[in-house]
Amino acid sequence: MTSHPSPDHHSLTRGPASPVLLEATSQVPPAAGGDVLKSGGARPRVPRIPDRIRRGGLPYLLLLPALVLELLIHIVPMAIGIVMSFRGLTQFFIRNWGQAPWTGLHNFKVAVDFNAPIGKALLHSFYVTCGFTVLAVGLSWLIGTGVAILLQENFRGRGLLRTVFLIPYALPAYAAIITWAFMFQRDNGLVNHVLHDQLGITAKPSFWLIGDNSFYALVIVAIWKSWPFAFLMVMAALQNIPRELYEAASIDGAGMWQQIRKITLPSLRSVNQVLVLVLFLWTFNDFNTPYVLFGRSAPEAADLVSIHIYQSSFDTWNFGSGSAMSVLLLLFLLLVTAVYLIFTSRGRKSTDV
Amino acid sequence: MRSIRAAAAVAVTISTLAGATACGGGGDSSGGGSNTSPKTLTYWASNQGPNIPADKKILTPELKKFEQQTGIKVNLEVVPWADLLKRILAATTSGQGPDVLNIGNTWSASLQATGALLPWNKANFDAIGGRDRFVDAAVASAGAAKKDPAAVPLYSLSYALYYNKKMFADAGIAKPPATWDELVADGQKISKNGTSGKWGLGAEGGNLSENIHQAFVLAQQHGADFYDASGKPTFTSPGAVAAVKQYVDLMGKDKIIAPGNAEYSQNQSLSDFSKGKTAMVLWQAAASTFASQGMKPQDWGAAPAPVASGTPGQGKNVNSMVAGINMAVFKNTKNTKGALKFVKFMTSDDEQKILNKAYGAVPPVTAAQSDPAFNVPGVKVLKDTLIKSAAPLPQVASESQFETTVGTAIKDLWADAAGGKPITTASVKDELTKAQQQMTE
């Protein structure tokens, strides 16, 4: 494109060859139209809306729908949730929320009273979730990164493998997890068929969906579900590392392991920062996996906090209490995210210097 | 210039519209319905048949009949069980719901407490022919005592002991057990302490409601209740503990239930029964499920569920909960008169016969029970149980919480029993104590 936009525009609006545009200008309030004619080739000016606001305001105007929708979809429910947490919103009031009594910090006090049963159960569920998140995020990251690095080498079938590895990420969560639930069944499940019937590793068929093993079942499904995402992100990041670095390193006598430690991992740093955070948030809040796997009451060993909150509000119709727990969860996640970002960003600055 | 203005205008319009529609959903908080749309009704039916199309096929001709009689068109939606309560809660919260709906009768008091359902006072009952047309126990399961019921009984069900005739004959058992001792003895003849590969009894350890139903009946037989007269939870009374222990012991101590049943929650115990893996199940109206799984009616028998004395009755001889479906009118309906007419139609003697026959249930309307269809062997047991020896689950506002907490406690105990951990009175009491402590006021 060589033509200069602004003079072109004016010649067009005044030229007889474009009646449509001409008509359009004539509908503009007279002041504006006259202005265009009077100022000739100079920048057009609309007196009623000062230039500064017109230019500065437009982006905001265009953002307005998104902003309003964001308010409606995210902020308003969140605010309502926070308000709910200060009220005794039980089944007696769900028909008319406004009548639910204000209970101040009561819901929060109940939730964090770790000597009483409700607080104790919440704390237990919190610990379970922490353990689950550390294992699931750590192993997802490890597997994803490992596989991405291995698949960097060019070999026949690489494209196919990459596609296959992404399948768990592409499958609808419900379908995938319900399949796992079938596989984990004690009597007819594939897992016990292989472990017990075929390999004879376990002395008798084990339960995976109830009792203590349910924790491992949950971790396995979560890893299976989220490692492809880690794989995808790391794979994309690896494409940006210049080959020359590795060539230079190998000339210097660096082995595979040293190359990974000294070149690959530092280069992945910024991607990993986001990746681990996102994985952490998704995993900590995961609701689908335990809900589909265990139904509406998860075994104690696998009682993740999201499903625990669901049970304390929906199944018992005590929405105030559930909201208070959700607010606590939100605060915790905000805190962890903030600390994580401060910590990792500061670390990066010092290495960059 | 022009295009920018247009874009801005569109942007503003969209924002305003979005705001306006979002504000349009507010609910009407005043009580009572109106009659502003007398020509249509929306009806949420629960899923009673083998699947949703089957329900539509059964109900549509009846709704057409109603339309011919009254000129009111009924829009039918069959809601699966897994969604029904959530849908009702959502409708209650928003005030936008159906006009008439089905509820599981154990939810009656909980939903009654929300105030979303039209109370069935004398005037409303009179509009459908009077309260005394219905079986007492069924009306008792439609809301808290001493309050106007929140619903009207529509289909009634009760528990019976279903047994596999061939497996009984093979094990040399002449007649179905009438007491728990006989049931355990017969079960052991079949399961031989778990060595035969076949099992005496089936259970749904992962199904919270199922756990509650059985524990409730056993508690009655131990002279206990999960709630006292004032509606306070009494989960840890010696009778309640003994009841739960007795139930879980069927797996842990008596070894007549397969350990795998601890994780069942999708009616797997019924398919085990149909396949001849287990000889007995305690279930409500299982006939159509057995048929759909390829079991012929002559292969199974139905007997009253066992009680210690061998003779079901009231008090300690209760052998079933009053199970069933109630019909309620949503208070926010725009067609109260039409809704009452519709309930009257659905609970009329003729419709009661047609519908309960189709679903293998028992009519809660006394006059309809005399129909010979409800005297065939499978159904007669359910009917007699319902009339003579069934009791409604506690009709308290926190019933739904009770199902969750105690149901989960029993689920955890099943898991322990299946994992080989000993089930003791102390361990049962621990679990029930935990459950009771989680009940919030």
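Visitor: Which residue in E7(B) stands opposite B:Trp199?
Guide: B:Thr278 does. This is a predicted model: local features need pLDDT of at least 70, side-chain atom pairs count only at pLDDT 80 or more, and totals for chains, interfaces and linings use all residues. Residues are numbered from 1 along each chain as its sequence is written, chains are lettered from A and ligands numbered from 1 in the order written, and side-chain values use heavy atoms, leaving out hydrogens and water.

Visitor: What makes E6(B) and strand E7 of chain B a pair?
Guide: Two bridges join E6(B) to E7(B), residues 278-284, in the parallel sense. Pairing requires at least two bridges found by DSSP, so E6(B) and E7(B) qualify. Strands here are DSSP runs (E, at least two residues), and helices are runs of H or I with at least four, numbered from the N terminus.

Visitor: What is the order of the open sheet of four strands in chain B?
Guide: The order is E6-E7-E5-E8 in chain B, with mixed pairing. E6(B), 199-201, and E8(B), 300-304, are edge strands, since each pairs on one side only. Neighbouring strands are turned by 25 degrees against each other on average, direction ignored.

Visitor: Which strands does helix H8 of chain B lie across?
Guide: H8(B), residues 180-191, lies across E5 (159-164), E6 and E7 of chain B. H8(B) runs at about 160 degrees to E6(B). Such angles run from 0 to 180 degrees between N-to-C directions, with axes fitted to C-alpha atoms, for helices over the stretch in contact.

Visitor: What makes E2 and E4 of chain B edge strands?
Guide: Their sheet is open and has five strands, ordered E2-E1-E3-E10-E4 (chain B), with mixed pairing. E2(B), 73-79, and E4(B), 152-157, each pair on one side only.

Visitor: How many bridges join strand E1 of chain B to E2(B)?
Guide: Seven bridges join E1(B), residues 40-46, to E2(B), and the two run parallel. B:Trp44 has B:Glu77 of E2(B) as its bridge partner. Helix H2 of chain B, residues 52-70, packs on this sheet and touches E1, E2 and E4 of chain B, at about 165 degrees to E2(B). Touching means contact (heavy atoms within 4.5 Å).

Visitor: Why are H10(B) and H18(B) called roughly perpendicular?
Guide: The axes of H10(B), residues 238-252, and H18(B), residues 425-437, come within 9 Å and cross at roughly 110 degrees. Under 35 degrees counts as roughly parallel, over 145 as roughly antiparallel, 65 to 115 as roughly perpendicular and the rest as oblique. H10(B) and H18(B) are therefore roughly perpendicular. B:Ala240, B:Val241, B:Val244 and B:Lys245 in H10(B) meet B:Thr425, B:Val428, B:Lys429 and B:Leu432 in H18(B).

Visitor: What makes H9(B) and H17(B) roughly perpendicular to each other?
Guide: H9(B), residues 208-221, and H17(B), residues 399-418, pack at an angle of about 90 degrees, with axes 8 Å apart. H9(B) and H17(B) are therefore roughly perpendicular. The residues in contact include B:Leu208 and B:Ile212 of H9(B) and B:Phe402 and B:Trp414 of H17(B).

Visitor: What is the mean pLDDT of chain B?
Guide: The mean is 89, and 92% of the residues of chain B reach 70 or more. Residues 7-31 of chain B have pLDDT below 50, with 25 contacts beyond near neighbours in sequence. pLDDT is the predictor's confidence in each residue, from 0 to 100. For the complex, the predictor gives an ipTM of 0.79 and a pTM of 0.81.
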